[in-house]
Each structure stands twice: as C-alpha cells, then as structure tokens.
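Student: I'd like to learn how to read a structure like this one. Can you walk me through a few features?

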Number of protein chains: 2
Amino acid sequence: MKALEEKILKEGQVRPGHILKVDSFLNHQMDIEFINEIGKEFLRLFGDRPITKILTVEASGIGIACITAQYFKVPVVFAKKAQSLNLDGSLYTTKVQSYTHNRVYDVILSKKFLTADDHVLVIDDFLANGCAVNGLLDIIDEAGATLEGVGIVIEKGFQDGGRELRARGVDLKSLAIIKSMTDHSIEFEKQEEEPYEI
Amino acid sequence: MKALEEKILKEGQVRPGHILKVDSFLNHQMDIEFINEIGKEFLRLFGDRPITKILTVEASGIGIACITAQYFKVPVVFAKKAQSLNLDGSLYTTKVQSYTHNRVYDVILSKKFLTADDHVLVIDDFLANGCAVNGLLDIIDEAGATLEGVGIVIEKGFQDGGRELRARGVDLKSLAIIKSMTDHSIEFEKQEEEPYEI
C-alpha cells in the first residue's frame, strides 16, 4: 500500500533493536482517516471471503480492527492479555511473547465469541516473529473456526514470522513489508497493488 | 441513550462484586454497528465543542474512541498501561487503579501527542470509581491542554466516580447510568435524551 509506505517514510522512526516507531499514526496516536484507508485496503484484499468475525489481540490491534470491521460489516473480537475478573471461566487460552515488551503474556478469549461456524480474518498492526498471530491461530484452531486470512499493517520482512506463516499455507497479506531498515533508511519489499474500487 | 439501556438489559449479565458484563457488544466482542450509534450520540452531546483530540486508555476504550473519532474528524490518542520499550523517554505518567483487575497500573502518554493547544474529549467504556478518568485528567492537566468533556458509555451511578467528577465541574456525560443492579434486575437513572439529527 503505497500511501502507507510513504507515511512510514515520513513519520516512522527507527530505534535501536530493530524497533520501528509509528506511534504518530498507528499505535499510540491514531490517524483515524488514514486507518479508514487501511480498512478499505483490507476489504480489497479479503472482501471476497465469507468472513463472519475479525479477531485481534489487545491493545494496539483493536482500533485498526474496529475501523476495518465497518467495511466487512462484522463484529470484532479481541483476545485479552492476562486474567480478567469479569470473564467467564469458559475460555480459550494461549501464550504470546511480546517482542517490544520482552515478556510472555497469557492471552484469553471467551468461548462464546468464537465457534466452529466462524470464518475469521485476523488483523494486527505489526508482524515480526509472529508470536501474537500464532497465538490467535491457536485459538482459532481450538474453536474449530475457519481461518480466512491474516491482514497485517506492517510486517518486518527481515524477521521470521511472515515467512513461517506463508510456509504453513496461511493467506497472509501485509500492507507494507519492511525488507531492511537502518537509522537512516527503510527499504520495502515490492508489492503488487491495485487501486481500491467501490 | 435508550437503545443502549435496552441492549444492556438484553445482553448484560450481573456478576458478584457489582460487575456488569457487557462483553457481547462492548469490550470483548464489539458490535461495531452499535458502537457507531454510540459515536453518533457522543457527537450529539459534545459536537459543539472545539475538540482537537479524543483521549482514552487501553484497552477497551480504544475501539469506542476510534469509532467515535470518525464523527469528530480528530485523531485518537490512547494512554498505555506500563512501560513499553518503544516509547520515548518524554512521557506524561500517572497511576490508575483498575476495579475489574484489582491492581494499580502505571499509565503513560507520549508528550508529543498532547499539548497546551489541544481541546480534549475523554472517552471510556466504563466509569465506576473514576480512577481511569482521573488518571487521564491528570495527564491533560500536566499537558496544559483544555478538557472539553468526558463521555462514558456506562456509568455505575452507585459508585462515586461520576458524582466526584461532576462536583469538580467536569462536563461528564454517560450514555447509561446504572442506579442499582442485582442478579435479577438493572435499574437506570432517568436521563433526558433527544434524537440525533444529521
């Protein structure tokens, strides 16, 4: 997605440890008009699937998932980190390692909100080593639901998450894939792109 | 908001400890079409203010804030719980006690995204003892920004948060205020309401 690559080049900042900060528009401050463009692009990429639910994990995926869900006209379900007192005992659970926070989270989802009848689009802001997405795929498996695809805003193509998911046959589409980055430059993988048509 | 009260009565479940579960539409599964109605209602209530930013705190406020922000045509900024490795050192910080999680969080917000020029609408899903909102108001104070109002989806009117905020002169509007609840019934405070007009 050309507009996203341009936005990353303009506003993104590279920090030590291969961390890309895009907190001016994606995951701290959120440019809602731009995130609507992201939602439309996910619709262009996955709109032909019989999607019944969009699944993400708190926290930074939630806003993107909600805006995107408007185009698919389906509910969002977000998996929660750690035990919450007001969730049922009837939970799907998995573990997710956070790259940026350098710790392991328990991730939970109420069984009421994902069943074998569901066709699921997974949405998240970043894909690096793939731990968050793999945790969500575990939950989809456990529910017996059908994974229709994974839509990522920014993939770090130099880490293994994307390659491994594609090798498993997951229909993963990332709106921008970073091939390499240094303090002074960010290079993207070339991607085919067609204009969104109403 | 009549439609919200009806939705709470239909889908809400009361749990021991005065916990109201509305996770079928608000804060685990999210009914995006309905949350758009919530966004429109916040616009009706606060649309005459010169709002430049919507502020919330992760996680369950984010989706509601993002949908609402579309009607105000402003960015969302969400405060983050705990230290994140990819945030600047230049942060507003405060502490928030979570009622449902029974613990204290450090809450942080990058100084880049809230300044003395901002006119802020605070949005959150629940108001009970008011700790989360008070934390956000501390941050707004620290930034020297102007608080234009606080919009809450569900206020627990039998706890002190709302009363204390109104006593301080905060323009707090809650779309549903629960007067009392038992295992078998939920009673709401009467509220004036006008239909939303385009």
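Student: Let's start with one residue. Where is the place of Asp31(A) in chain A?

Tutor: First, keep in mind that this is a predicted model. Asp31(A) sits in the loop between β3 (29-30) and α2 (32-46) of chain A.

Student: Is Asp31(A) buried, exposed or partly exposed?

Tutor: Buried means under 20% relative accessible area, and exposed means over 50%. Asp31(A) has a relative accessible area of 23%, so it counts as partly exposed.

Student: And which residues does Asp31(A) touch?

Tutor: Leaving out residues up to four places away in sequence, Asp31(A) touches Lys7(A) and Phe25(A). As for Leu175(A), it is 144 residues from Asp31(A) in sequence, and the two are 16 Å apart in space, C-alpha to C-alpha.

Student: On to strands. How many residues of β10 (residues 172-181) of chain A are buried?

Tutor: Seven of its ten, so β10(A) is mostly covered.

Student: In which sense does β10(A) pair with β9 (residues 146-156) of chain A, parallel or antiparallel?

Tutor: Parallel, over six bridges. Within β10(A), Lys173(A) is the bridge partner of Gly151(A). With β11 (residues 186-188) of chain A, β10(A) pairs in the antiparallel sense, over three bridges. There, Met181(A) stands opposite Ile186(A), and a hairpin of four residues joins β10(A) to β11(A).

Student: Now a helix. How far does α4 (residues 131-143) of chain B reach?

Tutor: From first C-alpha to last, the 13 residues of α4(B) reach 19 Å, close to the 18 Å expected at 1.5 Å a residue. Its buried residues include Val133(B), Leu136(B) and Ile140(B). Just after α4(B), Gly144(B) takes a positive phi of about 70°.

Note on methods: Residues are numbered from 1 along each chain as its sequence is written. Chains are lettered from A and ligands numbered from 1 in the order in which they are written. This is a predicted model: local features need pLDDT of at least 70, side-chain atom pairs count only at pLDDT 80 or more; totals for chains, interfaces and linings use all residues. Side-chain values use heavy atoms; hydrogens and water are left out. Helices (H or I, at least four residues) and strands (E, at least two) are DSSP runs, numbered from the N terminus. Buried means under 20% relative accessible area, exposed over 50%, partly exposed in between (1.4 Å probe, protein chains only). Contact means heavy atoms within 4.5 Å. The expected span of a helix is 1.5 Å times one less than its number of residues. Two strands pair if DSSP finds at least two bridges between them.
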